[in-house]
Amino acid sequence: GTIAYDRDRFAECRDAFRRLVAVEPKMAPAWALRGLCEFRVGAYAASRAHLEKGLSLRMPPSEGLTRVALYHHALLLVRETKFDLAIAPLSTILQFQAPTGEIEAACGLVLLRRPLLPQAVPAADLDLLKEAGQAYCAHLARHPEVAVKRFEALVAKHPRERYLNYGHGLALAQQGSARATEAFRREIELFPDDVLARVELGFALLARGQEQEAVPPAEEAVRLAPGLFATHLVLGRALVATGRLERGVRELETAATLAPQVPEIQLALARACAQAGRKADAKQANARFRSLDAARRGAPPEGPAAPRKP
């Protein structure tokens, strides 16, 4: 399997790793390499399932193969319009390495909400994608001073481009600037149907202790996108912060149902349940948070070392 992978014989590689995981089902690198081979032959649904299987076996994020698996997992999530879920793997990669052109492109696709693989991006959009990706990478890598400058340049260059004011607001919020709410409100002004800016406006207001003001944009976000976990998360947190515990817990439970793999939801739910006196539910949510957080941080996988081809 590894010989075939190194020689770009991806169908042969896929079949070899399929046989390997049948006899060594806990070998994380084998699942990851099977998924990578499937990606290269266009078997995207199988690729995502098998990359997730490998990553669930706690591949250490500092390893090169893990970062390659995370990158391709992010691309597959982007392709399926699951942009919010693609943020976590890209953020993990950027904890351990500087952004490459490929990672910048993936970050640009997430920020601009383009459900494409990088090779399918129209030539006319490549410069915007690159610049947006560089700015968003800086945000995900937690370099807000760099991200703010890049987003300011982008907004000046493309004042009516969707999601750029939103990205600017994210960077400002990470920097702790009160100007973040202005950027989110500008995005909503330009695009009245925008959900993401309303979600982040709610979070920004919560961070500044303006809990009552956070409820209306969060309510509107849920109305516009009831299937997006982040809308229920921000509304749940705002309701809990304003003392409406029962409804707040329900919103957080909805968020957890929509995105059971997001540890921050379980943490918010644990705290809300504890505040509401639901000790058993709080204990369960806290246990789920610890498990998800440990999986995200990673642990050594079982099995021999695997090749690390980007």
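Analyst: What follows takes up these topics in turn, and the model is a predicted one.

User: Which residues have the most contacts inside the largest nonpolar core?

Analyst: The largest nonpolar core has 105 residues, and those with the most contacts inside it are Leu-90, Cys-107, Tyr-136, Phe-151, Leu-164, Phe-184 and Ile-265. Helix α5, covering residues 64-79, gives the most to this core, with ten residues.

User: What does Phe-151 touch, not counting residues up to four places away in sequence?

Analyst: With those set aside, Phe-151 touches Leu-111, Ala-135, Tyr-136, Leu-164, Gly-167, His-168 and Ala-171.

User: At what angle do helix α14 and helix α16 pack?

Analyst: Two packed helices are described by the angle between their axes together with the distance between those axes. Here helix α14 (residues 229-241) and helix α16 (residues 263-275) pack at an angle of about 30°, their axes being 11 Å apart. Because angles under 35 degrees count as roughly parallel, α14 is roughly parallel to α16. The crossing of α14 and α16 is left-handed.

User: Which residues of α14 and α16 meet?

Analyst: From α14, Phe-229, Leu-233, Arg-237 and Val-240 meet Ile-265, Ala-268, Ala-272 and Gln-275 of α16. By class, this contact of α14 with α16 has six nonpolar residues, one polar and one charged.

User: Does Asn-165 count as buried or exposed?

Analyst: Asn-165, which lies in helix α10 (residues 164-175), counts as buried because its relative accessibility is 6%, where the cut-off for buried is under 20%. Leaving aside neighbours within four places in sequence, Asn-165 is in contact with Val-155, Pro-159, Ala-183, Arg-186, Glu-187 and Leu-190.

Methods:
Residues are numbered from 1 along each chain as its sequence is written. This is a predicted model: local features need pLDDT of at least 70, side-chain atom pairs count only at pLDDT 80 or more; totals for chains, interfaces and linings use all residues. Side-chain values use heavy atoms; hydrogens and water are left out. A nonpolar core is a set of buried Ala, Val, Leu, Ile, Met, Phe, Trp, Tyr and Cys residues joined through side-chain atoms within 4.5 Å. Buried means under 20% relative accessible area, exposed over 50%, partly exposed in between (1.4 Å probe, protein chains only). Helices (H or I, at least four residues) and strands (E, at least two) are DSSP runs, numbered from the N terminus. Contact means heavy atoms within 4.5 Å. Axes are lines fitted to C-alpha atoms, for helices over the stretch in contact, and angles run from 0 to 180 degrees between N-to-C directions. Angles under 35 degrees count as roughly parallel, over 145 as roughly antiparallel, 65 to 115 as roughly perpendicular and the rest as oblique. A crossing is left-handed if the near helix is turned anticlockwise from the far one by less than a right angle, and right-handed if clockwise. Ala, Val, Leu, Ile, Met, Phe, Trp, Tyr, Cys and Pro count as nonpolar, Asp, Glu, Lys and Arg as charged, and the others, Gly among them, as polar.
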